[in-house]
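Trainee: I have some labels to check against their cut-offs. Can we take them one by one?

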Amino acid sequence: MSRARLRPPAQGFRHPLMVLRYRRELSHAGYIKLVDAGYKALGYGKVQGAREKVARWEGGVTPELEAQYVIAHIEGVPREEVLRRPWPAWLYLATGHAQLLTAPWTNHNTLQALTGVARTNTTAPRDEFLLLTSVEEADGLVHAWRNALACTESVLSSGSRRIGAEALDLLEQRHEATRHLYLCLGAQIARPAADADLELLVRLCRTARGDEKTIARLYGQAARAALASGWTTYDSGDQGRAQACFLTALRAASTARDLQFGVFAMLLLAKQQFEVAGPGTAMPLFEAARDILKRSRPNPRLTMQIDACMAGAYARLGDASAFDRLTDAAFANCADGSQGDAPDFAPWINEDYLALMAATAATDLGQPERALAWLEPVLGKAGENTGCGVTPRDTACHLASAGRAYLAVGHTSAALRSAERVAGHLTDSPSYEAQLAFDRLRTSLARHGHAPALHDLLHRTGVAVTGAG
C-alpha cells in the first residue's frame, strides 16, 4: 500500500469567528484592532482588556453584548439577528449564504440562489460554515419548504434563448456521464465536472425561453446539478458550500414542482447534518423527507434510502427499536421488487446497499455479530470480496465499520486487514465520509495499540498510538 499520508477531514469545525478572521487574513491582534475601531465608530469607547480577547472568544467564551454588536457591524450582520440568535450561531449569517434560509421561497429567489452557488465553485476558498446550527433552524427550514410545496407560482421565462426537449435530453446525458465519473474516480476528479454542469444549467435558467413545462424541467435539471455539485463538494470535505448546494437544490426543485428531487435534496441535507453535526439537527429533516414522500406518490427506492438513513441515525442515538422498525421497512420495500418510477439518481439502492447500511448502524448500536452477519455476505471477510458490486467509496465506508465490529468480537487480525483495505481505498480515491469512518476505526485500533502489526498500521496512517507498552 502507498505510504501517502491520508489527510484527516475537517471534523470539529473551526469556530466561525476564526473562519471569518482567516478570510480577512488577520491574526488575533489584527482582528482586535478591527474590534477596537468598531467600538469607537459605534460610540462604545475603547475595547477593554483587548489582549487575548479574540482567542478567548474563539475558545468558547461568549463576548459581552456590546462586543457582539461590534463584530456584527464588522461582518455585516443585522443587529436584530444578534438578539434573535445565540452566540456564535448568528455569525453563520456572515457566510454569504444566509439568504438560503431567510429569503422567501419565490422563483426570483431560486434564481438568485442558483446564481450565488454557481459562482462559489472549486476555485473558491474552502468554507467550513454550516448554516443549520440548531433544531429550531431545521424546523424552520422544514416549515418553509412545506409552505413552498403548497404554493402555485408559475415558472416564467423572459430570456432570449429558446430551449426545447432535445437540449434537455442532452443535458440529462451529460449529468449521467458526470455521475458515472464520480462513481469510477471519486469526488476530487468529478467535482470540477459537476460544478461546470451546474454553471451551465444556471446560465440557461437565466437566459432560456420556453413554455412552462419546459422551463420547469430546466429548473428540475438545475436542482439535480446542484445536488451533484453539492455531493461531490461534500465528499471533498467542503461542507459549507455543500450545504449551500443542497439548500439551493431544495429551492430549485420547489420551483420546478419536482417533489422527488426536493425529497432527495432534503435527504442529502439530512445525511450531511447527521455525519457532520450529529443526529440532533438531522432528524427533523429526515422525518420531513419521509412524511412528504409518503403523502405524495411514494417511490419505493427513495423510501428505502430514507428509512435506511433514519435507521442509522436512530442507531447512533441508541434507539434499537426504531432502528429495527425502519430497517425492516427498508428490506420489506426492497423485497417487494416494485421500484415504480424510481428516479435515476438512486440506481445504487438495492439489497446489498441496505445490508451495508444496516451493518454500520448495528455496529454503532453495539451489535457486532449482527453487523458481521450483514456485512460478510456482501463484502466477504475483511473485504476480501473485491467484486461485490458495491462502489469503492461505499466499500471503504462500510469496511471501516466491519473493522470495528471485528474488534468488538475479538478478531483483531480481521480488523487489521479491514483497516489496510480502507486505507488503500482512501489513498486511491479520497472521500470525506470514508475518512470519517476510517478515523472511527483507527481510534478503536489505537486502543489495541500493543500489537506490533497495529503499531505499524497506525504509524503509516498517521494516528498516535495510545496505551502502548
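Trainee: What makes Glu80 count as exposed?

Mentor: Its relative accessibility is 53%. Exposed means over 50% relative accessible area, buried under 20%, and partly exposed in between, with a 1.4 Å probe and protein chains only. So Glu80, at 53%, counts as exposed. Before we go on: this is a predicted model, where local features need pLDDT of at least 70 and side-chain atom pairs count only at pLDDT 80 or more, while totals for chains, interfaces and linings use all residues. Residues are numbered from 1 along each chain as its sequence is written, and side-chain values use heavy atoms, with hydrogens and water left out.

Trainee: Where is Glu80 placed?

Mentor: Glu80 is in helix α5, residues 79-84. Helices are DSSP runs of H or I with at least four residues, numbered from the N terminus. The C-alpha atoms of Glu80 and Tyr69 are separated by 9.6 Å. Those two residues are eleven apart along the chain.

Trainee: Why is Arg404 called buried?

Mentor: Its relative accessible area is 13%, so Arg404 is buried. Arg404 lies in helix α19, residues 392-408.

Trainee: Which residues is Arg404 in contact with, leaving aside neighbours within four places in sequence?

Mentor: Thr360, Thr363, Asp364, Arg440, Leu441 and Ser444. Contact means heavy atoms within 4.5 Å.

Trainee: And Thr110, buried or exposed?

Mentor: Thr110 has 2% relative accessibility, so it counts as buried. Its place is in helix α7, residues 107-119. Not counting residues up to four places away in sequence, Thr110 touches Tyr219, Arg251, Ala252 and Thr255.

Trainee: What makes α11 roughly antiparallel to α12?

Mentor: Helix α11 (residues 212-236) and helix α12 (residues 239-256) pack at about 165°, with axes 8 Å apart. Axes are lines fitted to C-alpha atoms, for helices over the stretch in contact, and angles run from 0 to 180 degrees between N-to-C directions. Angles over 145 degrees count as roughly antiparallel, under 35 as roughly parallel, 65 to 115 as roughly perpendicular and the rest as oblique. That angle therefore makes α11 roughly antiparallel to α12. By class, their contact has 14 nonpolar, six polar and one charged residues. Ala, Val, Leu, Ile, Met, Phe, Trp, Tyr, Cys and Pro count as nonpolar, Asp, Glu, Lys and Arg as charged, and the others, Gly among them, as polar.

Trainee: Why is α20 called roughly antiparallel to α21?

Mentor: Helix α20 (residues 412-428) and helix α21 (residues 432-446) pack at an angle of about 150°, with their axes 11 Å apart. That angle makes α20 roughly antiparallel to α21. Here the contact divides into nine nonpolar, one polar and no charged residues.

Trainee: Which residues have the most contacts inside the largest nonpolar core?

Mentor: Leu141, Met266, Leu285 and Phe286, in a core of 126 residues. A nonpolar core is a set of buried Ala, Val, Leu, Ile, Met, Phe, Trp, Tyr and Cys residues joined through side-chain atoms within 4.5 Å. A second, separate core has 23 residues, including Leu17 and Tyr69.

Technical notes
Helix = DSSP H or I, 4+ residues; strand = E, 2+ residues; numbered from the N terminus.
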